[in-house]
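Dear colleague,

Here is the structure I promised to pass on to you.

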Amino acid sequence: QVQLVESGGGLVQAGGSLRLSCAASGRTLSSYAMGWFRQAPGKEREFVAAISWSGGSTRYTDSVKGRFTISNDNAKNTVYLQMNSLKPEDTAVYYCATGPAVTTERRLYASWGQGTQVTVSS
C-alpha cells in the first residue's frame with residue numbers, strides 16, 4: 001500500500017555531490033523508519049543509512065560516515081540522502097525502503113522503491 005519513488009540520481013565526478021529524494025505515499029506513517037540501500041552490479045544489496053520518521057535516530061554504514069547525511073521532511077513525506085565527497089565505489093542503484101526500526105537488516109524492510117542510478121566517474 002506504500003509507494004516509494006526515488007529521484008536525484010545521475011552521473012557525477014569523484015569528489016562531487018548528489019542529493020537523492022524518496023517521496024512516499026499511501027500508508028506512509030505505518031512504518032517507524034526509512035532506509036537507503038544500494039546495489040552495484042554483481043554485489044548484494046547493502047545498507048547505507050536509515051532514519052526514524054521522528055528524526056531522532058539515524059544510522060550509517062561505516063563506508064559513508066562523514067560523507068552522507070540522511071534526513072526527512074515529514075510535511076512532504078520525503079526522505080533525503082545528501083551524498084558528498086563521492087567515490088567511484090559509491091556507484092550503484094540506490095533504493096529507499098520502509099522499515100520497523102533504524103536497522104541495517106535488509107530482511108526487515110517491507111516496501112521498496114524502484115531505485116535511482118548513481119554513477120561516480122574517476
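Arg45 lies over the face of Trp112, at 5.0 Å from the ring centre, and Arg45 also lies over the face of Tyr95, at 3.7 Å from the ring centre. Here a charge sits over a ring if NZ of Lys or CZ of Arg is within 6 Å of the ring centre and within 35 degrees of the ring normal.

The model is predicted, with local features needing pLDDT of at least 70 and side-chain atom pairs counting only at pLDDT 80 or more, while totals for chains, interfaces and linings use all residues. Residues are numbered from 1 along each chain as its sequence is written, and side-chain values use heavy atoms, with hydrogens and water left out.

Trp112 also belongs to a cluster in which ring pairs link it with Phe37, Phe47 and Tyr109. Rings of Phe, Tyr and Trp (its six-membered ring) pair if their centres lie within 6.5 Å, and their planes count as stacked under 30 degrees apart, edge-to-face over 60 and tilted for the rest. There are four aromatic pairs by this rule; one of them is Phe37 with Tyr109, which is edge-to-face, at 4.9 Å centre to centre and with 80 degrees between the planes. Both Phe37 and Tyr109 are buried, meaning under 20% relative accessible area, whereas exposed means over 50% and partly exposed in between (1.4 Å probe, protein chains only).

Finally, Asn77 has a phi near 50 degrees, a positive value in a residue other than glycine, and Asn77 is partly exposed at 24% relative accessibility.

Best wishes
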